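Open the model in your viewer and get ready to click along. We will go from one selection to the next and look at what is there.

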Amino acid sequence: MKKKAVPVGIEDFKELIQEGYYYIDKTLLIDEMLMNKSKVTLFTRPRRFGKTLNMSMLRYFFDVKDKEENKKLFENLKIYNSEYMVEQGKYPVIFISLKDLKGNTWEENFMLIKKHIKNLYMEFYDLKDKLNPIFKNDFEKIVMEKEDADWLYALKNLSNYLYEYYGEKAIILIDEYDAPIINA
């Protein structure tokens, strides 16, 4: 297939690969991350340097959802022949982008973050019925945006629910983590 133009502004790895855009293979970043075995990795690069695209690549590589479909995205890339390819599609992935949280105050941003967390829970709504009844109630409180929901630990709780369901720790990718602070 003939390659399309250089993909300016495309931040979704799947779209970039499936639509046949030029792509500089950065998949060995996955190798490096797995070799280092860090619990936390912070990507500090200037604006417009591909951080979102790299996080999208990580999401499609690790995510247990659509494992076989996602595996095809990596077929002609360097990671495909790596010993770490066995890690592909093995983990639940929580992907958060805070770039659109543009409240003018802390209170507005907190409300937007709560809505964002609710949407994350909705992505994994099928898992709710497999939870312990106590956790099911906590899950439902987030989805219904109840005031007494455990917003402080909502992300940690979702990660724990995913661990209980899949038997693997969740990978949490947070993009534009500083946007709400900068905007408020």
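Before we start, one term: two residues are in contact when heavy atoms of theirs lie within 4.5 Å. Keep in mind, too, that this is a predicted model.

**Stop 1: helix α3**

Select residues 51-62, which make up α3. Is this helix enclosed or open? Of its 12 residues, 10 are buried, so α3 is largely enclosed by the rest of the structure. Colour the buried ones: Thr52, Leu53, Asn54, Met55, Ser56, Met57, Leu58, Tyr60, Phe61 and Phe62. Now show what surrounds them: these buried residues pack against α1, α2, α4 (67-73), β1 and β2.

At 1.5 Å a residue, the 12 residues of α3 should span 16 Å, and the end C-alpha atoms are 17 Å apart, which agrees.

Next, click on Ser56 in α3. Its relative accessible area is 5%, and buried means under 20%, so Ser56 counts as buried. Leaving out residues up to four places away in sequence, Ser56 touches Glu11, Asp12, Phe13 and Phe95.

**Stop 2: the largest nonpolar core**

Select Phe13, Tyr23, Ile30, Met57, Phe61, Phe62 and Phe74. In the largest nonpolar core, which has 25 residues, these seven touch the most other members. Which elements give two or more residues to this core? They are α1 (13-18), α2 (28-36), α3 (51-62) and β1. The top contributor is α3, with seven residues.

Apart from this core lies another one, of 20 residues, including Leu120, Phe124, Tyr161 and Leu162.

**Stop 3: Tyr23 and its ring partner**

Zoom in on Tyr23. Setting aside neighbours within four places in sequence, Tyr23 is in contact with Phe13, Leu16, Ile17, Leu53, Met57 and Leu77.

Now look at the rings. There are 12 aromatic pairs in the structure. One of them joins Phe13 and Tyr23: this pair is edge-to-face, with 5.5 Å centre to centre and 75 degrees between the planes. Why does this pair tie together separate parts? Phe13 lies in helix α1 and Tyr23 in the loop between α1 and α2, so the pair links parts that are 10 residues apart in sequence. Both Phe13 and Tyr23 are buried.

For another edge-to-face pair, select Tyr165 and Tyr166. Their ring centres are 4.7 Å apart and their planes are at 90 degrees, so this pair is edge-to-face. Are these two tyrosines buried or partly exposed? Tyr165 is partly exposed, with a relative accessible area of 40%, and Tyr166 is partly exposed at 31%.

**Stop 4: a charge over a ring**

Show the side chains of Lys65 and Phe124. The charged end of Lys65 sits over the ring of Phe124, 4.3 Å from the ring centre.

**Stop 5: two strands**

Finish with β1, residues 93-97, where four of the five residues are buried. Which residue in β2 is the bridge partner of Ser97? Select Asp175 to see that partner. As you follow the strands, watch the side chains: in a regular strand they alternate between the two faces of the sheet.

Note on methods
Residues numbered from 1 in each chain as written. Predicted model: local features only at pLDDT ≥ 70, side-chain atom pairs only at ≥ 80, totals over all residues. Heavy atoms only, no water. Buried < 20%, exposed > 50% of the residue type's maximum accessible area, 1.4 Å probe, protein only. Pairing = 2+ DSSP bridges. Core = buried A, V, L, I, M, F, W, Y, C linked by side-chain atoms within 4.5 Å. Phe/Tyr/Trp six-rings, centres within 6.5 Å; stacked < 30°, edge-to-face > 60°. Lys NZ or Arg CZ within 6 Å of the ring centre and 35° of its normal. Expected span 1.5 Å × (residues − 1).
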